[in-house]
Amino acid sequence: MTAPMFDQWRARSPYYDDSHEAVCDTVRAFVAREITPHVDEWEAAGQLPRDLHRKAAAAGVLGLNYPEEFGGTGSAFDLFHSLVQTEELARPGAGGICASLMTHGIGLPPILAMGSAELQRRIAPDVLAGDKIIALGITEPGGGSDVANLKTRAERKGAAYIVNGAKTLITSGVRADYITLAVRTGGPGIGGISLLLVETDRPGVSRTALAKMGWHSSDTATIHFDDVEVPADNLIGPENGGFAGIMRNFNGERLGMSQQANAFARICFEDALDWARQRETFGQPLIRNQVIRHKLADMVRRISATQAWIDQCAWSVLNDKAFPGDFALLKVQATQTMEFCAREACQILGGASFVRGSRIERIYREVRVMAIGGGSEEIMFDLASRQYKF
C-alpha cells in the first residue's frame with residue numbers, strides 16, 4: 001500500500017486546515033478524472049488540448065486565489081491553498097502538464113499587479129475562463145538567466161511600440177494567445193526594461209516548437225518578433241519600470257517550482273517504497289535490506305526539511321516578510337531534493353525505472369528543467385550571496 005506522504009505532512013503542520021484538505025480533494029478528483037488517464041497521449045502529442053484549460057477553469061483550478069471580479073475564487077483562498085493545488089497537480093508525475101496548464105501563474109500576475117485597469121479587464125477574464133492562454137517571455141537565445149542584459153527591443157513610435165528580437169524556451173509558447181514580454185525600452189541594465197503584453201496573432205510574430213529531454217506534454221517554443229506593432233496601451237506598468245515586476249514574479253515562480261519539485265520527490269519516495277515492499281530479491285522483500293530502508297529514510301528527511309522551508313517562505317509572503325535570497329536558496333534546496341530522490345528511486349527500482357511510462361522515469365528526465373528553469377542553481381547561489389551581502 002502506498003505511503004500517505006501526499007497527505008500526512010499537512011495534518012502535522014500549523015499552516016493547513018480543513019479548507020486546504022477541501023482544495024486537495026477537489027484538485028485530486030479533477031486530476032484523476034481529466035489528466036491521469038491521458039498522460040501518455042499528451043506526452044506523445046507534445047502539448048495539451050486547449051479544452052483542458054476550460055475544464056480546469058470550470059473546476060476552479062485556474063482561478064484559485066485570483067480576484068473574483070475576473071472570474072477567480074477570491075480572497076477566501078491564500079498561498080497555502082495554491083501550494084496544495086500545486087502538490088496535487090504534480091501527482092501524475094508529468095511536470096509538463098502542470099507547467100503548461102498553469103502557465104498563467106507566471107504570465108498573468110504582472111498584469112494584475114502592474115497593468116492598467118483596462119488591460120486587466122481585457123485580458124484576465126478570458127485567461128481565467130480557460131478561453132485564452134498566456135505565457136511569459138523572458139529568456140532569450142544566448143542570454144539565459146541574464147535578465148538585466150536582455151536584447152529584445154521595443155521602440156516607441158507614436159501610439160505604438162515596434163518590437164524586434166527573440167525569446168526562447170517559452171512554456172506554452174506554441175499555443176499562447178498572449179505573451180507578457182520583457183523588452184528593452186531604455187538604456188542598458190535593469191533601468192531600461194519594460195513589460196509589454198503582446199497578442200501572438202499580430203503580424204511579425206512567428207514560433208518554432210522545441211523538442212526537449214522532458215516536459216514532453218508542454219509546448220515550448222522560440223518566438224521571433226519582427227517589426228511587431230503593439231499598442232502603447234499594452235504597456236504593463238511604467239516604461240523602464242519592468243524589472244521590479246519581473247523580480248516580484250520570480251519569487252512566486254520559485255516558490256511554486258519548489259513545491260512542485262518537492263511533490264515529485266514525494267512521488268519518487270512513494271513509488272520506491274511500494275516497489276521495495278513488493279519486489280523480492282534473494283528470497284526476501286527488498287525492503288528487508290537495511291541499505292534500502294536507509295535510502296528511503298534519507299528521502300523522507302530531505303523532503304520533510306524542504307517542505308518546512310517552503311511553508312516558512314509562504315508564511316513570509318503572507319506576512320510581508322519575504323526576502324528574495326530565501327526563495328533563491330529554497331529553489332536550490334527543492335530541486336536538489338528532487339534530484340536526490342529521483343536518483344535513489346531509480347536505484348531501488350533498478351531496470352524497471354528505465355522503461356518509459358512510469359512516473360519515476362518521467363521525473364528523472366525532468367530534473368534538469370527544474371534545476372535550470374526559473375533561475376539555475378548557480379544563478380540562485382550568486383543571487384542569494386548578494387542578497388545576504390556575503
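Asp 311 is buried but forms no salt bridge, and the nearest side chain of opposite charge, that of Arg 266, is 7.5 Å away. Buried means under 20% relative accessible area, exposed over 50%, and partly exposed in between, with a 1.4 Å probe and protein chains only. A salt bridge requires a side-chain nitrogen of Lys or Arg within 4 Å of a carboxyl oxygen of Asp or Glu. For charge, Lys and Arg count as positive and Asp and Glu as negative, while His and the chain ends are not counted.

The model is predicted: local features need pLDDT of at least 70 and side-chain atom pairs count only at pLDDT 80 or more, whereas totals for chains, interfaces and linings use all residues. Residues are numbered from 1 along each chain as its sequence is written, and side-chain values use heavy atoms, with hydrogens and water left out.

Asp 311 sits in helix α11 (residues 290-318). Helices (H or I, at least four residues) and strands (E, at least two) are DSSP runs numbered from the N terminus. Leaving out residues up to four places away in sequence, Asp 311 touches Trp 9, Ser 13, Tyr 15, Tyr 16, Phe 80 and Leu 83; contact means heavy atoms within 4.5 Å.

Arg 266 also has a C-alpha to C-alpha distance of 9.2 Å to Arg 91, although the two are 175 residues apart in sequence. Arg 91 belongs to the loop between α5 (79-89) and α6 (95-101) and is partly exposed, at 22% relative accessibility.

Of the 12 residues in β3 (residues 160-171), 9 are buried. The table lists its pairings; two strands pair if DSSP finds at least two bridges between them.

| β7 (residues 220-231) | antiparallel | 9 bridges | Val 228 |

β2 and β3 make a hairpin with 2 residues between them, and Gly 158 in the turn has a positive phi of about 65°.

## Thr 185

Thr 185 is in the loop between β4 (178-184) and β5 (193-199). Its relative accessible area is 14%, so Thr 185 counts as buried. Beyond its neighbours within four places in sequence, Thr 185 has contacts that include Arg 153, Ala 154, Tyr 161 and Glu 239. The side chains of Thr 185 and Asn 240 are joined by a polar contact of 2.6 Å. A polar contact is a pair of N or O atoms within 3.5 Å; within protein, one must be able to donate a hydrogen and the other to accept it, and residues adjacent in sequence count only if both atoms are side-chain atoms.
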